[in-house]
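My notes follow in the order in which I checked things.

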Amino acid sequence: MNLFLSKVYAQVDGVVSPTIPFTPPGSITPTTAGPTTAVVGPSISLTSDETTLEVGTTSKIQVVIDTQLQPISQYSIQILFSPEFLRVVDFDDSTDSIEIDFRDTFFDSTINEVSQQQGIITISAENPAGSSSITSRVVAEIQVEALKAGFAEVSIGRENSNLLTSGSADILQNTTTVEFVIGGGGGTGPTIVIPSTSINPNVTVLPSSNIPLPSQTPDTAITDNLRAPAALILGVILISMGSYFIKLRNTNESKKN
Amino acid sequence: MRVRKIEQEKVFMNTIIHITLFSDKPTVYTQQKIQEAFTCFDQVVKKYTRFSPKSELSALNNSGGKPMKVSDEFYYLIEYMLELSKLTDGNYDPTIIDLLETYGYGENRNFKELDDPNLYENIRTLVKKRPSPSQIKLNKKNRTVQFAPRQRIDLGSIGKGYAIDLAYDVLEDFPAFMINAGGDIRVKGPKPDGEKWKVGLYKSQLPNQALPKDDYTGIIELENGSICGSGGWARKVRFFHHLLNPKTGFPINEITQTYVIAPKAIEADSWATVLFTMGKSGLQLLRDKGFRGIIIDQKGEISQTAKII
């Protein structure tokens with residue numbers, strides 16, 4: 001069945017589906033740059049503009065839920081970060097506890113906690129009005145500060161995260177991870193987002209509503225990549241040197257004779 | 001230069017914008033254009049979100065019934081929506097923010113209003129006394145817009161389509177591409193191999209049931225055009241969704257989804273809403289415009305302007 005579905009999905013270039021108004025309640029221009037890897041199935045994704053940080057600088061990470069149009073009534077997300085390298089910037093200074101920016105407009109936040117020491121962020125929310133589906137929505141934003149040079153990862157703790165239907169079935173299938181390189185020179189590049197598939201026996205892999213499957217992007221043009229012309233130049237040099245040495249050897253042998 | 005296929009996506013407007021493009025131009029130029037196309041979505045939100053007091057739309061909504069000069073672009077968008085409202089005899093109403101907020105569809109994220117025992121009467125009362133879109137006064141020469149007292153406007157029904165069109169203009173010198181803004185789509189050309197773009201229609205769903213995902217309702221072949229959809233179940237909370245009948249103030253439940261195919265995304269986007277609010281009577285209007293449309297009702301029955309699927 002799944003094979004059949006994949007085949008059907010592969011036949012189309014895109015999927016049109018009813019969308020919501022472009023400014024749903026509470027959403028004030030959450031934007032995320034950088035290519036992301038498409039995931040299939042209900043997912044919790046992390047995305048960020050930067051992949052390279054300097055010590056003392058900050059970056060924002062968006063937490064995106066896509067239930068693939070399946071209604072859920074509550075969700076819990078555990079986000080793990082490297083406390084040695086990153087610190088979460090408190091979104092609300094007026095409270096004693098550390099919180100992140102909860103942005104979901106259809107669900108009420110029930111837990112919003114950050115443990116700087118353990119490197120754990122926990123958010124939970126429920127929709128008291130009933131179940132609702134979520135389509136590619138930014139539900140929270142985390143601001144992190146780089147503390148120390150090195151590699152830092154921010155990931156979803158799959159075992160403690162879920163997207164629950166009103167019947168308490170967990171439909172979460174995919175999560176993604178964000179990696180940062182801290183220190184080591186300036187400049188930013190595309191975010192590294194690693195999709196990780198977690199097998200949930202209660203759900204079936206289904207085609208995405210509006211996220212096309214990953215496709216290959218051919219990168220064959222010589223000018224696309226510096227390595228190609230560099231290899232060509234190196235080849236020309238090596239051939240020239242070879243010819244020169246052969247000619248030199250022949251000349252020497254002629255002189256000997 | 002050989003034609004290369006490039007795909008990129010970014011999150012804007014709380015959804016994923018996916019661009020598939022066939023380029024016969026240098027990589028750097030291509031990438032610059034794609035990034036420029038993405039920024040169109042950001043610009044539209046910044047200018048026209050009703051949730052930022054700094055947006056031009058918010059300034060107009062706070063104009064307190066006095067004439068206000070707006071930008072040429074904003075004027076064009078308002079004029080477009082009001083013409084559509086007139087053409088549809090008020091079935092399309094870009095000023096229903098007041099109704100939506102009465103249900104709790106506001107900036108605060110709770111829907112406590114849905115439990116209000118007076119909600120039904122509150123809606124009925126509001127529908128009787130609220131100003132009509134026809135009361136909005138436009139002055140083309142001075143580019144001014146004047147609302148009736150307490151009247152406000154929202155670009156929710158055209159914003160995404162308009163942003164797609166802006167992005168389309170940025171990419172227009174590429175031979176073929178598809179812009180997919182979370183399910184609203186516009187394409188240029190057939191693909192370089194001569195094939196049309198294939199767009200799957202998400203299958204219909206009965207109200208309050210999970211979306212069946214076992215198949216598509218149909219697959220449409222598209223060339224130089226746009227297809228957009230409208231449906232309440234994408235964000236339905238109990239009995240409420242955002243597609244209201246402006247004349248009753250209540251969510252429309254007879255229809256589950258509509259799709260419209262038109263040359264521009266702003267047209268497909270707005271007419272998908274029109275078709276949802278008007279139902280089958282909107283099909284003739286679509287034919288008159290030369291657009292194509294599909295209605296799927298709560299029983300799963302399909303009505304079309306002509307045979308599409």
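How many bridges join β6(B) to strand β7 (residues 184-188) of chain B? I find 5 bridges, and the two strands run antiparallel. I take helices (H or I, at least four residues) and strands (E, at least two) as DSSP runs, numbered from the N terminus, and two strands pair if DSSP finds at least two bridges between them.

Conventions: residues are numbered from 1 along each chain as its sequence is written, and chains are lettered from A and ligands numbered from 1 in the order in which they are written. This is a predicted model, in which local features need pLDDT of at least 70, side-chain atom pairs count only at pLDDT 80 or more, and totals for chains, interfaces and linings use all residues.

Entry 1, pairing. I see Asn180(B) opposite Ile185(B) in β7(B). The hairpin of β6(B) and β7(B) has 2 residues between the strands, and Gly182(B) takes a positive phi near 60 degrees there. Strand β2 (residues 15-23) of chain B is joined to β6(B) by 6 bridges, also antiparallel. Leu21(B) has Phe177(B) in β6(B) as its bridge partner.

Entry 2, burial. I count a residue as buried if 20 or more other C-beta atoms lie within 10 Å of its own, exposed if 12 or fewer, and partly exposed in between, with C-beta atoms placed from the backbone. Strand β6 (residues 176-181) of chain B is largely enclosed by the rest of the structure, because 6 of its 6 residues are buried. In a regular strand the side chains alternate between the two faces of the sheet. Here Ala176(B), Met178(B) and Asn180(B) point one way, while Phe177(B), Ile179(B) and Ala181(B) point the other way.

A nonpolar core is a set of buried Ala, Val, Leu, Ile, Met, Phe, Trp, Tyr and Cys residues joined through C-beta atoms within 7 Å. The largest one has 127 residues, with Phe41(B), Ile227(B) and Val260(B) having the most contacts inside it. Helix α7 (residues 265-278) of chain B gives the largest share of this core, 9 residues. Contact requires C-beta atoms, placed from the backbone, within 7 Å. Not counting residues up to four places away in sequence, Ile227(B) touches several residues, including Val16(A) and Ile185(B).

The pLDDT, the predictor's confidence in each residue from 0 to 100, averages 89 in chain B, where 93% of the residues score at least 70. Chain A has a mean of 72, and 68% of its residues reach 70 or more. Over residues 184-224 of chain A the pLDDT is below 50. I note an ipTM of 0.77 and a pTM of 0.61 for the complex.

Notes: Two residues are in contact if their C-beta atoms, placed from the backbone, lie within 7 Å.
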